[in-house]
Amino acid sequence: MTAEATTTDERDPAAARLLDAWRTPTGWRYWTAVNNSEVGLWYVVASFTFFLFGGILALLMRIQLAVPENDFLTADQYHQVFTMHGSVMMFLFAVPILEAISILLLPEMLGARDLPFPRLSAYGFWCFLIGGIFVCGSIFFGVAPEGGWFMYPPMTTEYQTGVGVDIWLLGLSFIEVASIAAAVELIVGVLKCRPPGMRLNLIPLYAWYILVVAVMILFAFPPLIAGDLLMELERSLDWPFFDASRGGDPMLWQHLFWIFGHPEVYIVFLPSVALLAMIVPTFARAPMVGYGWIVLAAVGTGFLSFGLWVHHMFTTGLPAISIGIFSAASQAVAIPTGIQLFCFIATLLVGRVTKSVCLLFTLGGLATFIVGGLTGVMVAVAPFDYQAHDTYFIVGHLHYVLIGGTIFPIVAGVYYYYPAVTGKQLSERLGRYAFWMMLIGFNVSFFPMHFSGLLGMPRRVYTYQPELEVGTLNLISTIGAFVLAAGFLVFLWDVLRPKSKQPLAPRNVWNAGTLEWLAEVPDKPWGVRSIPIVETRYPLWDQEQFVQDVDEGRFFLPGADEGKRETLVTSVVDAEPIQCLRVPGPTFLTHFAAVFTGGVFILSTFHWYVAAGISGVLAVATILVWLWTGTAWIPEKHEKDVGRGVTLPIYVSGSRAVGWWAMFITMLGDMTAFISLVFGYFFYWTIQEDFPPQDSTGPGWIWPIAALLAITLVWSAVMAARQFNRQNRGSMFYGALVCGIALSLTGGWALLMGPATHAMDPTSHVYPAIVWVLVIWTTLHVVVGIVMQLYCAARRMAGKMTARYDADIVNVTLYWHFIFLTTLITCLVIAGFPMVAR
Amino acid sequence: MRPELIDDVSQSALDPAGVGATQIVDLFHWMVGGGVVIWLIVVGLSVYSIVVPGGHRPRLTKTLVIGGGAVVPTVVLSSLLCYALAMLPELHRPPPSDSPTVKVNGVRWWWRVQYQTDDGRTIETANEIRLPVDEAVEFKLTSEDVIHSFWIPSLGGKVDMIPGRETRLKLYPTRVGKFRGVCAEYCGTAHAQMRFDVTVMPRPEFNRWLSNQSSDAREPSQQSAIRGGELFRRKGCGACHTIRGTDARGRVGPDLTHLASRSSLGAATKPNNTENLRHWITHTHHVKPGVTMPAFQALDEREVDAIVAYLEQLH
């Protein structure tokens with residue numbers, strides 16, 4: 001490595017400077033790295049470690065169920081184990097692994113040097129790691145959650161009083177926040193960090209899928225976070241959201257959970273299909289057939305998946321008409337899935353197939369997944385679901401979907417991308433052993449479950465009686481599970497075995513056509529020597545002299561003249577270059593921010609609210625330092641020559657800037673959580689004859705109107721401040737912000753005064769409770785808005801924001817657009833709706 | 001230890017003994033048949049595409065994508081929906097108003113069962129349901145604590161029991177016999193042992209059973225049973241259990257008025273016999289973890305014998 005670096009230095013000083021700018025820190029400082037190659041790799045390793053942990057839990061369950069009336073685990077131990085198995089696999093493996101692989105590979109596929117917010121990825125990773133260890137660790141102290149991964153109240157609110165449920169709610173909320181952070185990063189990455197010329201119709205299919213999935217995460221996770229919030233409030237403050245005796249309803253949780261939970265299935269499944277969409281054309285030696293169809297199908301699946309959640313609730317006594325509608329919608333999702341599968345098959349038919357372990361896992365995955373898809377169609381048929389629901393049939397079905405649709409493709413992806421990441425190839429021979437053991441073990445384990453379910457074995461039982469006559473089937477399942485596990489061990493050995501003596505793989509070892517295979521062997525930290533102009537979907541196949549031009553720096557940003565880390569930002573549709581973006585380098589700030597954020601959630605679990613509050617203040621302070629030192633740098637010159645005669649601005653603000661997009665996308669997620677709470681309000685209205693209750697006064701209309709007025713003025717003040725800053729009228733700018741802050745305080749206070757002055761006791765009934773939640777949610781956002789206004793004032797004072805370089809105030813204005821909307825909706829709901837309803 | 005078997009009862013959805021269950025098994029068989037055919041075609045095509053050297057014409061494959069991916073699934077799924085959703089109205093239609101109604105409450109981890117007699121009285125029993133054959137019956141279901149799910153696989157589908165709501169389920173048993181019902185929604189510690197016995201019987205037999213159930217508990221006549229009844233009172237059992245005709249009126253635990261007529265104990269955890277009844281009283285949590293009833297380990301041999309003798313004559 002060193003020798004090579006020296007020769008590069010002598011031969012090409014531009015390359016040397018580029019290498020220097022992107023150099024990975026060494027020694028213990030290695031852990032301060034924020035570049036996607038390092039963070040992505042850690043993320044992948046951590047997710048796989050959690051996967052192995054979840055797998056061991058699965059084996060414990062299979063041992064317990066191997067024979068009837070076994071006493072290997074007690075009932076409570078078993079319940080902790082199955083709860084953790086589901087939660088770990090879903091929240092600590094399935095979602096994070098897709099984000100991990102995307103952070104690792106997406107920039108490479110887009111010819112970008114990094115994602116737009118490297119420190120945000122790093123922060124997300126450290127949050128994930130801390131939260132994951134916290135949640136998993138609980139099982140070693142016997143206090144793990146035991147409410148199932150679906151946590152249905154009132155069992156989890158009134159009957160499980162231990163710390164387990166809190167660990168689940170707070171620990172996983174913490175991780176969900178990190179997932180949303182990664183989603184924001186990936187959406188902006190796909191939309192804004194593509195290479196010049198890569199118009200929307202040329203994007204690698206993987207990036208399309210990730211875009212769809214990240215948008216799904218953005219809209220699916222917030223309802224769950226809203227549900228977590230309501231449940232935690234019921235548990236710690238006795239606000240009766242799910243308590244039927246005080247007007248609440250346990251079904252609200254089920255709706256919020258499954259509005260998240262069903263898209264979750266596709267959030268897990270689509271990225272794996274995305275991997276297959278990269279693997280199949282490479283081994284078929286042909287471009288993907290039906291690119292447009294696949295994109296449409298992926299988008300369609302994403303949309304449809306939000307309209308299916310009720311099929312998890314077919315047995316809750318819903319009317320036949322809604323069951324019919326959701327039954328039909330659930331069937332409909334099979335069609336886009338079918339299109340994607342047939343596009344893959346068509347591509348293989350057109351091309352000349354090269355056989356490899358990757359393809360073996362692809363095919364095995366498809367064959368398995370199709371079984372799961374067909375049983376999925378069966379359970380989507382409501383009458384059959386009345387029998388199959390909550391039995392081992394569903395356990396069989398969902399594992400065929402998730403292992404066939406997710407695990408096999410991910411293993412295929414590991415075999416495929418391992419050489420690009422490490423420079424060494426995995427063994428085809430060991431791969432074949434692993435494949436057959438996994439395929440056979442999997443089917444032996446999970447196929448019999450369909451029958452044990454229909455023979456009457458419900459899910460989530462820690463034991464079963466011998467007269468049920470499912471003992472043999474369960475023993476077979478257990479044996480299969482161990483064969484499957486052995487297959488994984490072979491795979492794991494292949495990945496981890498020392499390979500220092502093994503020769504390096506050739507560059508682009510599979511002869512693929514997409515940009516990530518520009519990676520040199522061994523890989524260089526700069527990603528690509530120069531950011532190419534892309535004209536086709538498979539530039540390595542179709543564009544002449546492409547690799548040579550990239551390597552010799554004939555495209556964009558071949559050097560780093562100022563020694564800064566830079567990448568290109570392009571326009572959303574046509575990928576015209578619009579900015580040379582400077583991204584920040586290694587730091588410890590992200591670690592501190594993650595630890596303190598984690599502190600808020602973890603300390604709250606144990607009801608140490610003072611410590612949690614201190615941790616929260618520290619987290620905010622750290623994040624402010626991070627923003628202050630690491631974002632919106634004023635460059636030494638306005639523009640920069642990025643090569644090929646193109647000159648681009650270094651600093652942009654508004655809708656051309658990645659920061660603006662991140663704010664916009666984050667606030668969409670934030671609004672989704674808020675709308676979920678509003679949904680709760682109207683849900684109570686639909687199920688109760690008397691809502692808002694006749695004898696309740698409500699928050700009145702005076703205070704809400706006053707609050708709305710104040711917040712509207714803040715909103716105007718912030719917009720005025722943006723304008724004054726642009727006109728460089730300093731005193732007017734500060735004046736507007738001072739007014740804004742004063743009015744924010746007034747508005748927040750007025751919001752709280754509504755319910756406070758009307759004796760609305762949130763523990764007495766669900767009506768005051770939900771009003772309080774809406775008000776507190778809005779007030780907290782106003783408080784954050786105050787901090788943002790102070791931040792902007794300080795930035796200008798310190799000379800870090802000027803009339804020309806105004807990203808801070810522009811983004812804060814965008815935030816206030818959303819806060820105005822939030823306040824408007826809150827006031828209309830709490831003050832306006834009771835007038836209409838009566 | 002050799003496992004102990006309760007009566008030979010059916011708990012299989014594939015061995016239907018009711019109208020709903022039979023329809024659903026037919027549906028299942030059709031879907032499995034169709035599924036196998038589809039799987040063979042798609043997987044066969046995939047294997048073919050890999051094994052056979054390619055180079056097929058792109059136009060052909062476009063037809064494949066549109067036909068196989070969109071047209072065929074649309075047609076197949078639409079027909080399936082028509083067939084299956086046509087079953088829904090009948091499955092959901094309330095039974096005739098003169099059909100028997102059974103009210104069942106899920107309680108952690110047992111079942112409170114209430115019948116209406118012809119003279120309008122409510123008869124309570126627990127963990128056992130008897131039904132007349134060839135008659136529709138309506139269940140009114142709710143829960144007294146967490147969410148449970150009421151499922152008798154041999155007779156038909158399941159419906160959840162939700163606190164604060166009443167859900168309904170119609171079943172139509174067509175075969176005399178013994179069946180097993182279970183809780184299908186995870187409800188905490190003893191979820192695996194929350195089961196119940198279902199007996200489908202001819203109408204006259206059912207009437208006899210119901211009239212026996214509607215009577216008060218019989219007075220003990222034997223010496224030890226009399227003493228057992230007294231102990232039952234003195235040890236406070238009546239705080240949780242009802243025995244109609246005595247001053248035991250507790251509502252926390254199952255009604256024991258006709259305990260001896262039931263075939264199992266502990267919500268179908270163990271067969272109802274002397275040995276198991278003794279064990280239940282003294283080692284409750286060993287038999288069924290999590291149960292709220294305290295184990296009466298402090299009772300001496302003779303006290304247990306007496307209580308068991310009392311309970312065993314409650315036919």
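Me: How do helix 4 of chain A and helix 9 of chain A lie relative to each other?
Reply: In this predicted model, helix 4 (residues 75–109) and helix 9 (residues 250–284) of chain A have axes that come within 11 Å and cross at roughly 40°, and they are therefore oblique to each other. Angles under 35 degrees count as roughly parallel, over 145 as roughly antiparallel, 65 to 115 as roughly perpendicular and the rest as oblique. The axes are lines fitted to C-alpha atoms, for helices over the stretch in contact, with angles from 0 to 180 degrees between N-to-C directions, and helices are DSSP runs (H or I, at least four residues), as strands are (E, at least two), numbered from the N terminus.

Me: Which residues of helix 4 of chain A meet helix 9 of chain A?
Reply: Among them are A:Phe91, A:Val95 and A:Leu98 from helix 4 of chain A, while the helix 9 side of chain A includes A:Phe260, A:Glu264 and A:Leu275, where contact means heavy atoms within 4.5 Å. The residues of this contact of helix 4 with helix 9 of chain A divide into 13 nonpolar, no polar and 1 charged; Ala, Val, Leu, Ile, Met, Phe, Trp, Tyr, Cys and Pro count as nonpolar, Asp, Glu, Lys and Arg as charged, and the others, Gly among them, as polar.

Me: And what about helix 9 and helix 15 of chain A, how do their axes run?
Reply: The axes of helix 9 and helix 15 (residues 392–422) of chain A come within 8 Å and cross at roughly 45°, which makes helix 9 of chain A oblique to helix 15 of chain A.

Me: Where do helix 9 and helix 13 of chain A cross, I mean at what angle?
Reply: Helix 9 and helix 13 (residues 357–380) of chain A cross at roughly 135°, with axes that come within 10 Å. The contact includes A:Leu276 and A:Phe283 of helix 9 of chain A, and A:Cys358 and A:Thr362 of helix 13 of chain A.

Me: Switching topic, what domains is chain A divided into?
Reply: Chain A has domain 1 (33–496) and domain 2 (667–837), with bounds that come from an automatic or database domain assignment. Their C-alpha centres lie 36 Å apart, and 21 residues of domain 1 of chain A are in contact with 23 residues of domain 2 of chain A.

Me: Now chain B, what is the strand order in the open sheet?
Reply: The 5 strands of the chain B sheet follow the order 4-10-9-6-7, with mixed pairing, where two strands pair if DSSP finds at least two bridges between them. Strand 4 (128–132) and strand 7 (159–161) of chain B stand at the edges with a single partner strand each, so one side of each has no neighbour in the sheet. The twist averages 25° from one strand to the next.

Me: In which sense do strand 4 and strand 10 of chain B pair?
Reply: Strand 4 and strand 10 (residues 195–201) of chain B pair in the parallel sense over 5 bridges, and B:Ile129 stands opposite B:Val198 in strand 10 of chain B. Helix 4 (residues 203–214) of chain B lies across both strands, running at about 140° to strand 4 of chain B.

Me: What should I know about numbering and confidence?
Reply: Residues are numbered from 1 along each chain as its sequence is written, and chains are lettered from A and ligands numbered from 1 in the order in which they are written. Local features need pLDDT of at least 70 and side-chain atom pairs count only at pLDDT 80 or more, whereas totals for chains, interfaces and linings use all residues, and side-chain values use heavy atoms, with hydrogens and water left out.
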